[in-house]
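Take a look at the model below. The tour starts at a contact between chains and then moves inside one chain.

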Amino acid sequence: MSTTRQRFDFGRYNFILVPFIAGGLALLVGAVIIWLLGANPIEAYIGMVQGALGSPNAIADSLVKAGPLLFVGVGICIAYRGGVINIGGEGQIVIGALATTLVVLTLSGLPSLILIPLALAAGFVGGGFWGGIAGFLKARFKVNEVLSTIMLNAIAVQLMTFLLNGALMDPTSLDNSIRIPQTQRFPLWTDLPRLIPTRLHAGILLGVLIAVLAYILLWHTTIGYRIRAVGFNTVASKYAGINVGRYQILAITLSGALAGLGGAVEVMGVNHRLFTDGSATGFTGNAGFNGIVVALFGALHPLGVIPASFLFGALLTGANTLQRTVQVPGAFVTTLDGLVVIFVVASQIWARRRATRHAMPELPPQDKIVPASTT
Amino acid sequence: MKTRYILFTLALIALLALAACAAPTAAPQPTAAPAQPTAAPAQPTAAPPPAAKVFRVAVVMPSAANDLAFSQSMIDALTKIQAEMGKDKFEFVYSENMFNVTDAATAIRDYATKGYDLVLGHGSQYGASIQDIAPDFPNTAFAWGTAVDTFKEKGVNNVFAYTVASDQGGYVEGVMGVKLSKSKILGALGPIPAGDGQLTIKGFEAGALATDPNAKVQTTFTNSFSDVALMSQAAQTQIASGADVLTGTSQSVVGAVSVAKDKGVLWFGNQSDQASLAPDIVVASQVYDWTVALKWMMEKINGGTRGGEVFIATFANKGLVMVYNPAFKLPDDVKALAEKTIAGLADGSIQTGIK
Amino acid sequence: MLEQLFAPAVIIGILASGIQLATPYLYAAVGEMFSQISGVLNLGVEGVMLMGAFIAYYAVLRTDNLLLGLALAALTGALMGLMTAVISVTLKAEQGISGIGIYLFGLGLSDLLFLVLVGTPKAIVGFPELDLPVLSGLPALGPILFSQNILVYFAFACVPLAWFILNKTTLGLKVRAVGQTPEAADSLGISVARVRYIAVIVAGTMAGIAGASLSIGLLNIFQQNLTSGLGFIAVALVYFGGWRPFRVMLGALLFSMVNALQLWIQTLGIALPSDIAGMLPYILTIIALIFAARQIVTQPTALTKPFERGE
């Protein structure tokens, strides 16, 4: 495991430093925009920090926001390591939440000790199924996953709208002329336990646990080793006798499953009911996309995703308070989000330059693949 | 080295926790002390403390404040009340683009913490969040719409619900539409078959058929509140299949209005006054005038009631108004019929039959 | 009920709607194809489209000059293309992710500018419908298919043009070379970076025009998030078309026409829930690709891979 040791050598601080500097530059550009909008940038950013970290509620909100990013981000790490681009996180979150909702509403008589794990498992399976479709289409029919995941995102939303508009609609809403496309509130005993008297729920702990498990899977099991081998060099893996298709399907299925679990946690921990506004973002808040960014922030390593998702959750939560503290338009938040992503992703070259071979190339040299696959 | 990695994570969490401990003075603990929101400090940006009591409203809404549809209808109402009462008596702030409900819940709680008199969740997706947050702030009034559930039977006493009988407006539009139509085919466009949009469309159909049983109303849903291109094609499709009068809801209808303008087909607006988009073809708009609902709530709040009641905007209480486009030459007989229908709906002698 | 769908008026209607809806996809997808063939995946198309759409709209709102609007949209697209190129080619950033950044940036900034500079949606007069001589005189089909605004015709003209450039010109050869075997291209003295810059800027320009084709061509309006996912579909269509211009066009037409079909299904009152009808274009695109992909389609080998000289 000597390679593992070298890989995360934090003696080379660039790895962390560079994203922070880049993020700072993005905020600087954001400051110019705030100034152009006629607000005071310093006041705005102080408000932003307070909004993200200034009170127990604010910190809880930041962590709650980090939840889905953590799940999706860890999933993206797995997909990425397996050489699959999963931009279907939005759809997988939605399907996961739908599966959870179905279980909660149909089996609501069960005690919470059984129902909560069952409902979470349903989210995991639902998201995995949705991701697995893309994996299957890629392995079996060579349908590129970029195309299929984009299409599957749209299909997932339509499916949610369809179900919330009929089969799953809140029975009391069915009787009203204004039909609200949402389910009834879940029974109280299906709420994920709160950690402290804020919105912070136990789902975030589950996320951290999942990240650790994903790390163990990828770096300490044969399956994980093969996933990484396939992602690193498809051709060599094939020669080494690894069933490339199977491991690609597995990678994107796991990735989807984690996104689905994120959806399950969101619906059981935060919203306690599923609703739709005809788009995915109403429920996901773009977590399917931002999760990809978080994965990169975390150097595509499950453990790195933990702090990365917290940071990003805090950033988004803080930025949202700008509307309330200095009254800049809501669109600024999206703009700032984009700027941070652009700056950080563009700065990676400097992060890599010093920490080369430690941060990015995770995989063993090709010649090592052959003996490994014989196990 | 992975241990360092974990250490780093722990350090970060510790830092967050530290910040949490250092900060509590900044924000009230909602669950601990039930009484203080009324004593909350004035808004940081506000001018010197005014002499009279200021009524302060905060709104959280899903789309942009300038969407010329649902969100704008609320902003227009707040602006109007502020103009009537004066800035020293009435203040409002808003958070727009809160399409993500988790973010919206954060904003709602934050506004409540800051001591606003009334916190509005202007979107039916915010109900569950308000139900969770309201009990923590018993001295703050909350409201959400469009909805009819105040959670009173669940023990929550400080939530108002407001909704709109948009089937009434749709009904009148249907009556006028069928009179103005030559083909007697009318088209109705919506985002998803739910909410006030669906109610408008049902009313539109009922009004048209009550006036002319042989008329035909075609309905199309695009399944998106924002897809302007698809909405414009839906309008094209309606026109190609014979419709010469159209109506529609959601912020994406601006695309449909533009098609109607090109093809010289009539349009009935909803939610906000849409005449400015195409003065030649917009006949009238059903406008949600939330000033009535807001004033009703303010009166209740000043009288000590913070929730538990539902406001339904109708023609009768003027929460719903038909705004005729002055630039459009509406034949007198049609206008008279529309006015008669409005009066009938207001006094109950006409029913839309939508339930 | 179903036989209504085969009435000539309906079929013509679907064709006409399909052609119009396909227009923004064509510009964006043909541009994106250049970028991808050169080895750069640009997921930010949607953001560039939104900026192009807003700039064109704003220029027309202020000056009533349609050509100025179009030119500024193209310029905005080119600038954002340049930005993409700096990030993806020079800084060798992770392409899928930088694209998301550009998407979010464009989505936010276009909305912000719209709010500050315009306020609420205001109608403009966009490109008028233009009757093609002779063709528009054709019975039945003519007036519907050949009476579109000029941006629609240009979109379809881009397809053979793109084919010609890619297959019959040196530039096209270079673009393919740097996307297939950058090392070999480099050893032949082709500047991989320069060719990729050109391709990515072309993609940006086309995406800017795609946005303009919506805001000042088809819709004559701007609204927050006007494109509403069109840009992502355009990226998907490049994969659908297997990096070949005419297949990309087929994909765009298929997707658009099925979308038009589902609108007709609803309008004619055929009993199918609108949500289910709304899924049709997405499902059929995947199914169509399952059959199309059987013929071996290989993606540019260097797609998403930054070029490292001498490694």
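**Between chains C and B**

In this predicted model, chain C and chain B bury about 2800 Å² between them, and carbon and sulfur atoms give 52% of that area. Three residues stand out on the chain C side. C:Gln223, C:Leu263 and C:Thr267 supply 20% of the area that chain C buries against chain B, more than any other three residues. The contact takes 32 residues from chain C and 36 residues from chain B.

What polar links cross this interface? The rule finds 14 residue pairs in polar contact, both residues at pLDDT 80 or more. It finds zero salt bridges.

By class, the chain C side has 13 nonpolar, 15 polar and four charged residues.

**Inside chain B**

Now turn to chain B. Its domain assignment gives domain 1 (51-164 + 291-313) and domain 2 (166-287 + 325-347). Their C-alpha centres lie 29 Å apart. Nine residues of domain 1 are in contact with 10 residues of domain 2.

The two domains of chain B bury about 780 Å² between them, 57% of it on carbon and sulfur atoms. B:Leu68, B:Ala69 and B:Val164 supply 60% of the area that domain 1 buries against domain 2, more than any other three residues.

Across this domain interface the rule finds zero salt bridges and five residue pairs in polar contact, both residues at pLDDT 80 or more. Helix 2 (residues 70-85) of chain B provides the largest share of the domain 1 side, four residues. That side has four nonpolar, three polar and two charged residues.

How values were computed: Residues are numbered from 1 along each chain as its sequence is written. Chains are lettered from A and ligands numbered from 1 in the order in which they are written. This is a predicted model: local features need pLDDT of at least 70, side-chain atom pairs count only at pLDDT 80 or more; totals for chains, interfaces and linings use all residues. Side-chain values use heavy atoms; hydrogens and water are left out. Contact means heavy atoms within 4.5 Å. Buried area is the accessible area (1.4 Å probe) that two parts lose on being put together, summed over both. A salt bridge is a side-chain nitrogen of Lys or Arg within 4 Å of a carboxyl oxygen of Asp or Glu. A polar contact is a pair of N or O atoms within 3.5 Å; within protein, one must be able to donate a hydrogen and the other to accept it, and residues adjacent in sequence count only if both atoms are side-chain atoms. Ala, Val, Leu, Ile, Met, Phe, Trp, Tyr, Cys and Pro count as nonpolar, Asp, Glu, Lys and Arg as charged, and the others, Gly among them, as polar. Domain bounds come from an automatic or database domain assignment. Helices (H or I, at least four residues) and strands (E, at least two) are DSSP runs, numbered from the N terminus.
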